[in-house]
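Please open the structure in your viewer and keep the selection panel at hand. The stops below proceed from the whole chain to particular selections.

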Amino acid sequence: APHGAVSMSVVGCGYLGAVHAASMASLGHDVVGVDVDAAKVAELASGRSPFFEPGLGALLVDGTRAGTLRFTTDPAGAPGATVHFVCVGTPQRRGENAADLRHVDAAVAQLLPQLKPGDLVVGKSTVPVGTAERIAEQMAAVEPAATLVWNPEFLREGHAVEDTLSPDRLVYGVPEGAAGERAVAVLDRVYAKALAAGTPQVVTDYTTAQLVKVAANSFLATKISFINAMAELCEATGGDVIQLADAIGHDARIGRRFLNAGLGFGGGCLPKDIRAFMARAGELGVDQALTFLREVDSINMRRRVRMVDLAREVSSGSIVGRRIAVLGAAFKPHSDDVRDSPALSVAAQMSLQGADVVVTDPQAVPNAAAKWPDLVFETDLATAVRDAELVLVLTEWPEYVALDPAWLTPLVARTRILDGRNALDPARWRAAGWTYRALGRR
Ligand code: UGA
């Protein structure tokens, strides 16, 4: 093995685990990905990504060919590994706000009998604060010479590989004393390249490390809902939320990033993370500290309702029987993830209210159709918009942002477009004779 290479296992090969495993192998480490899903393991092992993520396919091909990246369903399939990453999902519990920890518990139960003295277990999953402390106790009872590190992950879907290889920061939650110091040294070897490039590092305790993750996502969600609340004000007053965001964003203390007003946040992280955080605060008796997140959640959900209202407004008061083309199904561009997708929730609402909705997306149609069997999907954009009386852009894929109104005009029945992400150029569409409307601006 190359100098500095670490032998590691990655338990859970979803978005987080598959990207982490492939990225670690690309750094020269010896990696075994472990997952219970045999179909997923077979795809990954043959160098194919089970989901759309730019850059991941190439790393999978390279790693599996070189033999430094393997995948298995065998829980004991990485006997040589000394560092074990826990990358399983923590979805929202059905009908509750709290996180479902069954996959984390299963991953730990699977690792415990394999632990050797000196091994590291590295938690990357997003968990309710207190989980790491509990796992550390379980480990101490079985192999006291193994150490737990809490090392939250901040990758964004669509940019997952670059975020993993060049993160904004590395956070290690470690125990006090010699075991903690040793764990830091081992993880520093794992992340040697990013550290050499100057990535800031925060070494802290388990509790803080777990909180950092949910605090970061809560702040991001709050930023989005803040600007969407301003959009509501702009809608009531005739102001322009884009110019407002630009203007406040010039204040470096505020910053322009994550102030894009529109349909709001979705996906497998921000919505469930703020809800799980509120639930955990309730358990800890400090729910008041996070009641503002309830408001963040409601502002976010109101944007979807507002979008449907706007569709009705521009359709002379009724969408019943109207052909409506929805451009975008993924919760954000460069992803085929449809978990809690604002675009699909708007499409479903309009469909329920009697509109004749056709949804298209460059990547997410298979996932969307599997999850929303009652909606009509179309992979070809020209077919999706044919005879539409209204076009809605709900996910800002570059191909939708670059759409030429002159190309679209002969295909549709009426030239009306709603921009759910404030991603199009209003002047261009209006100059081409279209009715253009967006959230938060005239
Ligand atoms: C988010 C965080 O950004 C990551 O740092 C974190 O690691 C990840 O969750 C996680 O917990 O695993 P992700 O869910 O991939 O990443 O997507 P984001 O880029 O954060 O976008 C979330 C949603 O917010 C999308 O629906 C997006 O359209 C929306 N958004 C984003 C806005 O409506 N406005 C903005 O200005 C930015």
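Predicted model: local features only at pLDDT ≥ 70, side-chain atom pairs only at ≥ 80, totals over all residues.

Residues are numbered from 1 along each chain as its sequence is written.

**Whole protein.** Display the cartoon: the protein has 18 helices and 14 strands (DSSP runs, H or I of at least four residues for helices and E of at least two for strands, numbered from the N terminus). The radius of gyration, 23 Å, is close to the 22 Å of the globule rule for 442 residues, so the protein is as compact as a globular protein of that length (taken over C-alpha atoms; the rule is 2.2 Å times the number of residues to the power 0.38).

**Ligand.** Next, select the ligand and the 22 residues that surround it, the closest being Glu157, Asn260, Phe265, Gly267 and Cys269 (C-beta atom, placed from the backbone, within 6 Å). Colour helices H9 (206-237) and H11 (270-283), each of which supplies at least two residues of this shell; H9 gives the most, with 3 residues. Domain 1 (7-204) and domain 2 (224-297) both contribute to the shell, so the ligand lies between them (bounds from an automatic or database domain assignment).

**Annotated span.** The end C-alpha atoms of residues 325-426 lie 19 Å apart, and the span is 31% helix and 18% strand.
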